[in-house]
Amino acid sequence: MFSVWAASEVAKKEMGFWEMISAPIDISENGHLIDWLFNYTTAMNIFFFALVCIGLFGFSYLYSAKRNPKPYYTYGYKKNHVLITTIIGVAVFVAIDMNITRMSNNDYIGIFTNWPSEDEDIVRVEVLAQQWAWNFRYAGRDGQFNTEDDVVTLNDLRLPVGKKVVFQILSKDVIHSLYFPNGRRKTDAIPGRITRMWMQFNETGTYDIACAEMCGTYHYRMQAKLTTYSEDDYQRWLEESQYIAESTIDTENPDLFWGWEWK
Amino acid sequence: METAVNNKINHQAELQGSVALIVALVSFSMLFATLFLGYSVFRLTSDMWPPAGMARIPLTIPTLSTVIVLVSSAFAWILEKSGYERKSMSFYFISFFTGIGFVVCQFYLWNMLKTIGVFTNSGIYPSMIYAFTWIHTAHMVLGLIAFIYLGFLLFKNNWILDDSIKLQKANSVLRFWHFLAVIWLMMYALLFVL
Amino acid sequence: MAFFEQNIHHPPKTFLSKYIFSYDHKVIGKQFLWYGIFFLLVGGLMALMIRWALAYPGEPFPVIGQFLFPTSNGVIPPDTYAMLFTMHGTIMIFYAITPILIGAFGNFCIPLMIGARDMVFPLLNMLSFHIAAVSGFILLASLFVPLGAAAGGWTSYPTLSTLIGSPGTGQTLWSLAIFVLGVSSTMGAINYITTIITLRAPGMGYFDMPLTVWGLGLTAVLNAIFLPVLGAGVLLLIFDRVFGTTFFLAGAAATTGTGDPVLFQHVFWIFGHPEVYILILPAWGVVSDLLSFFARKPAFGAKATALSMTTITILSTLVYGHHMFTTQMSPLLTQTFMTLTMTISIPSAIFFANWLGTIWKGSIRFTSPMLFSMGVVFVFGLGGLTGLYLGTVTTDLYLHDTYFVVGHFHYTMAASVLLGSFAAVYFWMPKMFGTMMCEFWAKVHFWITMLGLNGVFMGMLFMGYAGMHRRLYNPFVYDFLNKLVPINEFTTISAIVMGFAQIIFVVNFVHAVFFKKEKASDNPWEVGTLEWTIPSPAPNYNFKEIPVVKCGPHELGNPALTNGRDFQYQTEELARG
């Protein structure tokens, strides 16, 4: 036990405590909105929880039976008592709840569910979740899904930076959840019902994609990689994959055509 | 003095009986409300009802069930109004046996569904009909058991329910019976007719 | 005022009628207490196994690992891991917390605190325990069937919980056990509500009831209304599994179906969100009372606390959608659910203010029940505030299904409810079993538990913010989670510390129940509610004469009192100076 403890101490020294518990690096265009809201809520929570602690520990110290043998006999229905209680109730609601509800609503309606219009230059990806893998489908040269020139990848999502990406997500068997830790987002993949998500990535690199919804024994292994390229690199990769896809497709196999018409 | 105490006891027993019955009926209705909620979700979100390739269930047997359950409920009501006297014994038996008739009818319904090719695993529409009727029939069986209990109560007391605790018990059984009839009416209207 | 002469029970003669098939609400309460403590230990052991697997993946579980998992040489296999967290959640929520707080203390406290000789329907009460016992038996049996127990999480979302995802009988037995337990709890709820409405002692209005009874009563209302909803859900799940209906099957999973797996989530959370309050309301009631009793002054704004609890009860039925933000409801629904969720913080803030107002200018006696109650204020503060992130839709998009959620609901449901239950056990021990538990070891138990649970659940919050998602057998297959090895170890060590602290409690409890010679006095805590006007332990008829209530439950520290006491019984006329 001690050696474990010591090892963890060592590990902590290598990486600062704050660094360890901070969220993964944000590579998306709008992730900072979520981070900002989180930090705002945290600041407000710390303030109000500090008040609770001051009350709890302060009163415990000041009014212990030893220090204060005669309690103050009150039901708390005096005018100023009711007033203070009400003020606390309203203060919490105004300072935290109303603000975060408003901001969150604005973000959600204004950005996260404000779908890019069809004529914008966007990347479209169809995602099919299954036990325990992620299938990704790009429309290919003809812009139509579920045709012979589609680029299909397994557990390997490649996207350009600086462009809006729209996902349509479906599940084959059980409920999964497409989770981008670095994009601060997740959306459930549900059998029989297409869900949508749009994001824009700003940094190139390789990142993790996970399944966030319990989906069976190997839920923890349902992992995919996200590779973000610059626009040029992405085009190069897409063309190369397009070529490979067209030359290797087995048109006789209906299992390969799991895609659906873009909705 | 004694009558005052007795009145109090009677009042108390009525109160307890009705509070408990109300809570119990709220629980039962929530169970059915959940089913109706699920049904309306499917019903309202699907383009076609019954779904493509499904025939409507012929109304004969459900209508028969409806008539039977209404008769049963009506005689139960008369039984209650008559004050559970010995001369209303026939009402008890009519109500009880029509109740059994209803359960038998449900078995005919399931048989009929099988013969016209509606199986439990052929989609959401039959699933709904089967699940609703299974759960409702299970409750009807519970209701019949309560009816047998009511019979014991009546015969043991020679058809004289003079204290309000017994009267309360008898009334509760019948109210549960009416409740099940109302649920069946809703099912008949929503599942079969509409 | 509803009132009539209730019969005095004759004491039962045989062992069976006294301890097994007893109609006495106090005995049924004790049965539920033992039942709950047994399952608490089972669920706790499962928690330790889960934590062990997370901190030391691939290492054999110490001591009993070789015996439990012989095929994998003591290492917890991934499928067993899924069963462990499923059963841990189910057992803790339905078989540990519910029996202890609602079954044990609901049965024990309600009649005693409102001055009744028993519940309205003793037979129903007895059946309610035995049905719960059957349910517990089914659940334990499901651990030993081929392919193992249910493994779809305690929420058991379809289609994972249908035959597609879990073909074994374990999941069917799980659903059956939950349904049977629901029947038992609904029966209990009918009894509680009727008892509270009709058997209050003469003179006792609703606001003269202790807040514990308020909490338990509101819980019973929620139970009676929403357990049948879950009942319907699991029934349909059983139909899907056994009879081949297709309620929750869709897409390629269903050959002919056009069902909808999301329907189950709706049904589950219509029940599930009230369930959270079903668990916490009794703890709130107990804490509100105990803070007043041990601060030796009346509960601050008791009416406001009672009404806040009622408001929360009503609101809790309207907010369930915040569990499903990631399934993409329409933005309008999202907005509505978020706003409604946020309004819960008004009543919550009010009774937090009232709790602090109660200890303000009090004369606090730091007994073990008081320490645990103050612990509840602390941990529930953390639990409630972390809920804000999850009720907010955009932060929820990131935090949903991460350990942040796990930390949050463990703070509210596990930490608060557990500490509240311990407070109740320590407090009512003399009235239940006639002996006091050792104060010193109770305080040791409190401090170690407090340190342990904050270590565990704070650790979970941090992990969740760092992005670690739930129900992972081995989180370290992900690069971005590799940095979390130390904090996982820390959390596991905290959990082990907390687990071992419970041995102190069990030893203390068993010692006080069976071996302690020294009897407790009738009113060791010097409080005035009705259960303390009768001998300890409570005689089997409770009250020789039905008491007549003349003042509220929290009459402490009244300066007009002259008889050398600083409290007065509810049967006494309010002292006026």
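This is a predicted model: local features need pLDDT of at least 70, side-chain atom pairs count only at pLDDT 80 or more; totals for chains, interfaces and linings use all residues.
**View 1. The open sheet of chain A.**
Five strands of chain A make up this open sheet, and walking across it gives the order S3-S2-S1-S5-S8, with mixed pairing. At its edges stand strand S3 (151–154) and strand S8 (195–200) of chain A; each has a single partner strand, so one side of each is left without a neighbour in the sheet. On average, neighbouring strands here are turned by 25° against each other, direction ignored. As a reminder for reading this view, strands of a sheet pair through backbone hydrogen bonds, in either a parallel or an antiparallel way.

**View 2**
Follow strand S1 of chain A, residues 123–130, and you will find it paired with S2(A) in the antiparallel sense over six bridges.

Strand S2 of chain A spans residues 133–138 and pairs with S3(A) over four bridges, in the antiparallel sense. Two bridge partners make handy landmarks here.

**View 3. Chain C, a helical chain.**
How many helices and strands does chain C have? There are 16 helices and zero strands. Along the principal axes, the C-alpha atoms of chain C fill a box of roughly 75 × 55 × 45 Å. A compact globule of 577 residues would have a radius of gyration near 25 Å, and the 24 Å of chain C agrees with that. Of the 577 residues of chain C, 68% count as buried. Among contacts in chain C with a separation of 6 or more, 79% come from residues 24 or more positions apart.

**View 4. Where chain C touches chain A.**
This contact takes 91 residues from chain C and 86 residues from chain A. Several helices of chain C each supply at least two residues of the side that touches chain A, including helix H4 (78–114), helix H8 (261–295), helix H12 (368–391) and helix H16 (485–515). Which helix gives the most to this side of chain C? That is H11(C), with ten residues. Sorted by class, the side of chain C that touches chain A has 53 nonpolar, 27 polar and eleven charged residues.

**View 5. Where chain B touches chain C.**
Here the contact draws on 28 residues from chain B and 33 residues from chain C. Helix H1 (2–45) and helix H4 (124–156) of chain B each supply at least two residues of the side of chain B that touches chain C. H1(B) provides the largest share of that side, 18 residues. The residues on this side of chain B divide into 17 nonpolar, ten polar and one charged.

Methods:
Residues are numbered from 1 along each chain as its sequence is written. Chains are lettered from A and ligands numbered from 1 in the order in which they are written. Two strands pair if DSSP finds at least two bridges between them. Axes are lines fitted to C-alpha atoms, for helices over the stretch in contact, and angles run from 0 to 180 degrees between N-to-C directions. Two residues are in contact if their C-beta atoms, placed from the backbone, lie within 7 Å. Ala, Val, Leu, Ile, Met, Phe, Trp, Tyr, Cys and Pro count as nonpolar, Asp, Glu, Lys and Arg as charged, and the others, Gly among them, as polar. The radius of gyration is taken over C-alpha atoms; the globule rule is 2.2 Å times the number of residues to the power 0.38. A residue is buried if 20 or more other C-beta atoms lie within 10 Å of its own, exposed if 12 or fewer, and partly exposed in between; C-beta atoms are placed from the backbone.
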